[in-house]
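Here is a predicted model to go through by question and answer. Each answer sets a computed value against the definition behind the term.

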Amino acid sequence: MILVYQMGKVGSANPYLAIKKTSAGKAVYHVHNLNPEIVAKIWDKINPTSEGVEGTTETQRTQRLIDHIVS
């Protein structure tokens, strides 16, 4: 998984599109902030059937995504 995290209005779509084009088979996400709601949505997309996701808080899903990225 590749997460393109960049502030908006600075041409951030260009690096995202280039990475997406050259990273076939990998999930590439483009975000402008990492608030818990956004991170939870990304986590749910990459782990839709993950055990224990339902009923967890956005903070717990945020931590799982961070652990997933770091590992």
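Q: What is the mean confidence of the protein chain, and how many of its residues reach 70 or more?
A: The mean pLDDT (the predictor's confidence in each residue, from 0 to 100) is 77, and 82% of the residues reach 70 or more. This is a predicted model, in which local features need pLDDT of at least 70 and side-chain atom pairs count only at pLDDT 80 or more, while totals for chains, interfaces and linings use all residues. Residues are numbered from 1 along each chain as its sequence is written, and side-chain values use heavy atoms, with hydrogens and water left out.

Q: Where in the protein chain is confidence lowest, and where is it highest?
A: Helix α3 (residues 58-70) has the lowest confidence, with a mean of 71, and helix α1 (residues 13-22) has the highest, at 90.

Q: What makes up the secondary structure of the protein chain?
A: Helices (H or I, at least four residues) and strands (E, at least two) are DSSP runs, numbered from the N terminus. On that basis the protein chain has three helices and two strands, and their pattern along the sequence is β-α-β-α-α.

Q: Why is serine 23 called buried?
A: Buried means under 20% relative accessible area, exposed over 50%, and partly exposed in between (1.4 Å probe, protein chains only). Serine 23 has a relative accessible area of 13%, so it is buried. Serine 23 sits in the loop between α1 and β2. In the protein chain, 23% of the 71 residues are buried.

Q: What does serine 23 touch, residues up to four places away in sequence not counted?
A: Serine 23 touches Ile2 and Val28, where contact means heavy atoms within 4.5 Å. The side chain of serine 23 also reaches the backbone oxygen of isoleucine 19 at 2.8 Å.

Q: Why does lysine 26 count as exposed?
A: Lysine 26 has 52% relative accessibility, so it counts as exposed. Lysine 26 is in the loop between α1 and β2.

Q: Why does leucine 3 count as partly exposed?
A: The relative accessibility of leucine 3 is 25%, so leucine 3 counts as partly exposed. Leucine 3 lies in strand β1 (residues 2-5). Leucine 3 and valine 28 are 25 residues apart along the chain, and their C-alpha atoms are separated by 5.8 Å.

Q: Which residues form the largest nonpolar core?
A: A nonpolar core is a set of buried Ala, Val, Leu, Ile, Met, Phe, Trp, Tyr and Cys residues joined through side-chain atoms within 4.5 Å. The largest one has six residues: Tyr29, Val31, Val39, Ile42, Trp43 and Leu65. β2 (28-31) and α2 (36-46) each supply at least two residues of this core, and the largest share, three residues, comes from α2. In soluble globular proteins, nonpolar side chains tend to be buried together.

Q: How do you know on which side of α2 its buried residues lie?
A: The buried residues of α2 are Val39, Ala40, Ile42 and Trp43. They cover an arc of only 160° around the axis, so they are on the same side of α2. The arc is that of the directions from the helix axis to the C-beta atoms.

Q: What makes asparagine 35 a cap of the N-terminal end of α2?
A: A side-chain oxygen of asparagine 35 lies 3.1 Å from the backbone nitrogen of glutamate 37. Asparagine 35 is found in the loop between β2 and α2. A polar atom of its side chain also lies 2.9 Å from the backbone nitrogen of isoleucine 38.

Q: What joins the side chains of asparagine 35 and asparagine 33?
A: They are joined by a polar contact of 3.1 Å. A polar contact is a pair of N or O atoms within 3.5 Å; within protein, one must be able to donate a hydrogen and the other to accept it, and residues adjacent in sequence count only if both atoms are side-chain atoms.

Q: Why is glutamate 37 called partly exposed?
A: Glutamate 37, in helix α2, has 42% relative accessibility, so it counts as partly exposed. Asparagine 35 is partly exposed too, because its relative accessible area is 32%.
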